[in-house]
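Me: I'm new to this one. Can you walk me through it?

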Amino acid sequence: MSATENYSIRVEPTQQSRLSQVDFNNLKFGKILSDHMLVATYEDGAWTDVSIVPYGDINVSPSMSALHYGQAIFEGIKAYKFQDGTISIFRPDKNWERFNTSAARLEMPEVPEEIFLGGLKKLLATDNKWIPNAPGTSLYIRPFMFGTEAALGVHPSNSYKFIIITSPVGAYYSNPLKLKVETHYTRAAEGGVGFSKNAGNYALSLYPTRLANDEGFDQLMWTDASEHKYIEEAGTANLIFRIGDSIITPHGDTILHGVTRRTIMELAASWGYKTEQRRVSVKELIDGIKAGIVTDAFAAGTAATLTPIATIGYEGELFQLPPVEGRDFSKKVLTYLDDLRYGRIADEFGWNLIVE
Ligand code: COI
């Protein structure tokens with residue numbers, strides 16, 4: 001079926017909504033799942049049976065290929081509710097494109113726009129009461145796909161599930177971050193899968209991150225695989241620095257090409273800042289902190305939104321970034337994005353996808 005062909009999306013409403021049990025004033029990231037999910041099946045080279053069904057467990061085979069060989073990819077997107085009740089999804093077209101880039105790298109099928117974006121809009125219309133509208137809250141959207149073939153040979157699965165689940169959320173990080181520059185373990189190497197949003201990239205980060213947590217750090221600042229000299233990303237988010245008069249973000253296929261990162265770099269350029277996407281060495285960053293020319297530094301991601309970096313640990317030394325209150329650039333970005341996502345200002349770039 002082509003992307004232009006019609007998929008009829010069946011809706012099976014839940015008989016037992018869990019909405020009244022949710023404390024919307026106390027939302028922890030990803031703990032509460034909305035009433036419905038979208039499920040589509042790929043078999044014999046085509047997507048079939050696209051349905052919105054009550055959220056719940058699914059049956060899988062113990063020999064399902066994703067469990068053994070890791071064909072599993074996902075996305076993170078957020079939807080917002082304006083004061084007048086309008087539902088808006090932030091740049092989901094970019095997530096759809098990235099999802100299919102991840103799929104191609106892992107030898108998985110593409111998901112057509114009509115299922116990914118059309119299905120998402122229908123899911124949000126179904127669960128629209130689950131989208132919170134208090135400041136700092138949103139509906140986190142998790143589309144994912146995995147190989148379902150029951151077979152132990154190493155080959156691309158011949159069947160897949162594409163599922164979208166959603167979760168009302170508050171902040172992912174509630175405090176400025178203390179990051180450790182990782183100089184031993186590696187997240188991604190040239191020619192690998194660092195740019196793709198596949199489950200394995202997160203699994204491999206857990207052990208080194210736990211070691212850093214044990215030392216009192218919140219997260220890692222990954223560096224390049226060959227020399228551990230160049231900064232890459234934080235694993236849960238991209239990194240952006242203001243050094244001198246430039247807004248700079250590490251670049252390359254060993255990092256995830258984040259939608260929030262892209263958005264902030266596009267905003268910075270449109271506001272007249274000098275922007276650079278290039279390699280950033282740890283030395284440049286540390287020297288810049290010592291010289292007082294690193295005036296802003298933050299993690300940028302869908303879940304993380306924009307989380308300031310307070311401290312960077314490198315080879316046993318701690319380096320303090322300037323106080324968060326004085327960071328003009330990140331404050332301007334946060335205010336702008338909040339106003340845009342909650343519909344308080346005009347959508348000059350066309351980034352809000354409104355759900356009718
Ligand atoms: C996201 O920002 O959407 C991610 O997938 C990161 C993850 C740590 C929740």
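Reply: Start with a definition: a residue is near a molecule or strand if one of its heavy atoms lies within 4 Å of it. This is a predicted model, where local features need pLDDT of at least 70, side-chain atom pairs count only at pLDDT 80 or more, and totals for chains, interfaces and linings use all residues. Residues are numbered from 1 along each chain as its sequence is written, and side-chain values use heavy atoms, with hydrogens and water left out.

Me: Which residues are around the ligand?
Reply: F74, G76, Y140, R142, Y172, K197, T236, T302 and A303.

Me: How does that shell split by class?
Reply: It has 4 nonpolar, 3 polar and 2 charged residues. Ala, Val, Leu, Ile, Met, Phe, Trp, Tyr, Cys and Pro count as nonpolar; Asp, Glu, Lys and Arg as charged; the others, Gly among them, as polar.

Me: How far is an oxygen atom of the ligand from an N or O atom in the side chain of Y140?
Reply: 2.5 Å. For R142, a polar side-chain atom lies 3.5 Å from a ligand oxygen. T302 uses a backbone N or O atom, 3.4 Å from an oxygen of the ligand.

Me: How much of the ligand does the protein bury?
Reply: 91% of the 280 Å² that the ligand exposes when taken alone. Those areas come from the Shrake-Rupley method with a 1.4 Å probe.

Me: New topic. At what angle do helix α5 and helix α7 pack?
Reply: About 105°, with their axes 11 Å apart. α5 is residues 259–270 and α7 is residues 328–341. Helices are DSSP runs (H or I, at least four residues), numbered from the N terminus. Axes are lines fitted to C-alpha atoms over the stretch in contact, and angles run from 0 to 180 degrees between N-to-C directions.

Me: Which residues make the contact?
Reply: T263, I264, L267 and A268 of α5, with F329, V333, Y336 and L337 of α7. Contact means heavy atoms within 4.5 Å.

How values were computed
Helices (H or I, at least four residues) and strands (E, at least two) are DSSP runs, numbered from the N terminus. A polar contact is a pair of N or O atoms within 3.5 Å; within protein, one must be able to donate a hydrogen and the other to accept it, and residues adjacent in sequence count only if both atoms are side-chain atoms.
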